[in-house]
Amino acid sequence: MIRLESVRKVFPGATAPAVTSLSLEIPEGEFVTLVGPSGCGKTTTLKMINRIIEPTSGTIEVGGQDVLSIEPHLLRRSIGYVIQQVGLLPHRTVEQNIATVPRLLGWPRDRIEARVAELVEMVGLEHEMRDRYPAELSGGQQQRVGVARALAADPPVLLMDEPFGAVDPIVREHLQMEFKDLWRRLGKTVVFVTHDIDEAVRMGTRVAILNIGGVLEQYDRPEEILANPASEFVARFLGEERGLRRLGLLPVSSATLERGPVVDVSAGPTEARAVMDRHEVDWVGLLDGNRLLGWVPASEIGSTPLRDLEPREFLVRLRPDDSLRRALDAVVTSRTRVGVVVGDEGYLGMLDVETVAEEITE
Ligand SMILES: Nc1ncnc2c1ncn2[C@@H]1O[C@H](COP(=O)(O)OP(=O)(O)O)[C@@H](O)[C@H]1O
Ligand SMILES: [Mg+2]
């Protein structure tokens with residue numbers, strides 16, 4: 001969908017190229033994150049794709065067409081663009097901002113209105129916000145408007161330059177997850193610039209790690225980069241929590257779950273004690289068929305039928321699509337030192353530190 005071939009950019013008067021010689025292929029429908037330290041040429045690269053900046057040499061193609069052969073204003077209408085500063089027009093309402101490109105394209109009024117209504121909903125804004133001005137919105141809401149505006153004319157390609165950089169961490173995580181969901185539904189090709197490696201590996205289907213001068217250090221699936229950093233630079237850039245980040249990308253369902261120390265409430269106390277002995281633990285999980293009721297400590301298991309005990313809640317119940325990072329957190333914060341996994345069909349099993357670690361041990 002997007003192809004860069006030996007792309008170079010030297011700004012007038014600069015001593016070193018901002019981008020030395022970058023070649024990169026971005027297949028259709030991928031979510032590619034460009035990540036690297038400040039000043040490594042991420043923004044310059046992005047802006048060369050929609051010709052806000054002209055390359056000094058090299059070739060850039062979008063959809064098989066050389067971008068230098070397309071009128072810049074036409075090119076920009078066919079590529080959505082979102083930046084950190086949002087760039088909303090302050091004296092235009094939310095509705096007018098979102099409608100920018102459709103208006104330039106001369107769509108009829110009712111089509112524009114219908115499209116704005118659809119987009120407002122799609123990015124999770126309230127309909128009554130359509131008449132507000134950007135200054136009357138929170139940072140997160142402004143970013144949503146920015147995304148809606150970029151999607152307005154349904155462009156196949158979306159360029160995003162640190163789009164969630166200015167919002168606080170909680171809103172940011174929210175926007176990241178929502179946007180990833182939106183991307184899954186819309187099937188756009190996305191190029192997403194960030195300096196945050198966590199954001200890069202969480203969002204990207206492929207991650208391009210750039211060094212100063214736009215030098216491509218590694219371009220691969222996030223799991224692969226975290227498992228096998230191609231260079232010292234990449235390893236250092238990934239930082240100290242590489243293992244945790246890898247766990248963040250793996251679902252609980254990829255681990256081998258064990259049934260663990262559980263008994264059915266219809267069992268007798270003797271059987272419950274036997275299960276605890278076998279697993280060398282001082283608690284037991286109680287099941288009612290497939291339904292996980294909770295757990296009871298060994299001290300409460302005497303002659304009382306299990307059914308009459310008051311089981312304690314497992315504070316975290318993991319779902320199969322939760323990450324192993326979340327699972328690890330559940331394990332280390334729980335009294336029982338396990339994470340229990342429950343799906344739509346009921347209890348699926350549990351995992352402990354060993355199980356989690358096995359998933360990232362080569
Ligand atoms: N318009 C410009 N004129 C001169 N130098 C620039 C211009 N824009 C960026 N640069 C320089 O090019 C390099 C790459 O910048 P940029 O692409 O903005 O990096 P990033 O987005 O990765 O932080 C930096 O050294 C920056 O100072
Ligand atoms: Mg930048």
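Start with strands S3 (residues 31–35) and S9 (residues 206–211), which run parallel and are joined by 4 bridges. Strands here are DSSP runs of E with at least two residues, helices are runs of H or I with at least four, and both are numbered from the N terminus. Two strands count as paired if DSSP finds at least two bridges between them.

Before going on, a word on what you're looking at. This is a predicted model, so local features need pLDDT of at least 70 and side-chain atom pairs count only at pLDDT 80 or more, while totals for chains, interfaces and linings use all residues. Residues are numbered from 1 along each chain as its sequence is written, and chains are lettered from A and ligands numbered from 1 in the order in which they are written.

Now follow S9 to its other partner. S9 and S10 pair in the antiparallel sense over 5 bridges, and Val207 has Asp220 in S10 as its bridge partner. The two strands form a hairpin with 3 residues between them, and in that hairpin Gly213 takes a positive phi near 85°.

At the S6 end, 5 bridges join S6 to S7 (residues 157–161), and the two run parallel. Tyr81 has Leu159 in S7 as its bridge partner.

Next, the ligand. Which residues are around ligand 1? They are Phe11, Ala14, Ala18, Gly36, Ser38, Gly39, Cys40, Gly41, Lys42, Thr43 and Thr44; a residue makes the list if its C-beta atom, placed from the backbone, lies within 6 Å of the molecule. By class, this shell has 4 nonpolar, 6 polar and 1 charged residues.

How does the chain divide up? The domain assignment gives domain 1 (2–250) and domain 2 (253–358), with bounds that come from an automatic or database domain assignment. Their centres, taken over C-alpha atoms, are 43 Å apart. Across the boundary, 5 residues of domain 1 are in contact with 6 residues of domain 2, where contact means that the C-beta atoms, placed from the backbone, lie within 7 Å. On the domain 1 side, the touching residues divide into 4 nonpolar, 1 polar and no charged.

Two helices are worth a look next. The axes of H11 (residues 242–249) and H13 (residues 324–333) come within 5 Å and cross at roughly 110°. That makes H11 roughly perpendicular to H13, a label used for angles of 65 to 115 degrees (under 35 is roughly parallel, over 145 roughly antiparallel, and the rest oblique). Leu244, Leu247 and Gly248 in H11 meet Leu324, Arg325 and Leu328 in H13. The residues of this contact divide into 4 nonpolar, 1 polar and 1 charged.

There's another open sheet to find, with 3 strands in the order S11-S12-S13 and mixed pairing. Its edge strands are S11 (262–264) and S13 (291–297), each pairing on one side only. Neighbouring strands of this sheet are turned by 30° against each other on average, direction ignored. S12 (residues 283–288) pairs with S13 in the antiparallel sense over 6 bridges, and Gly285 stands opposite Trp295 in S13.

Finally, S15 (residues 339–343) and S16 (residues 346–351) form an antiparallel pair over 5 bridges. They make a hairpin with 2 residues between them, in which Val341 stands opposite Gly349 in S16.

Note on methods
Contact = placed C-beta atoms within 7 Å. Nonpolar A, V, L, I, M, F, W, Y, C, P; charged D, E, K, R; others polar. Axes fitted to C-alpha atoms, helices over the stretch in contact; angles between N-to-C directions.
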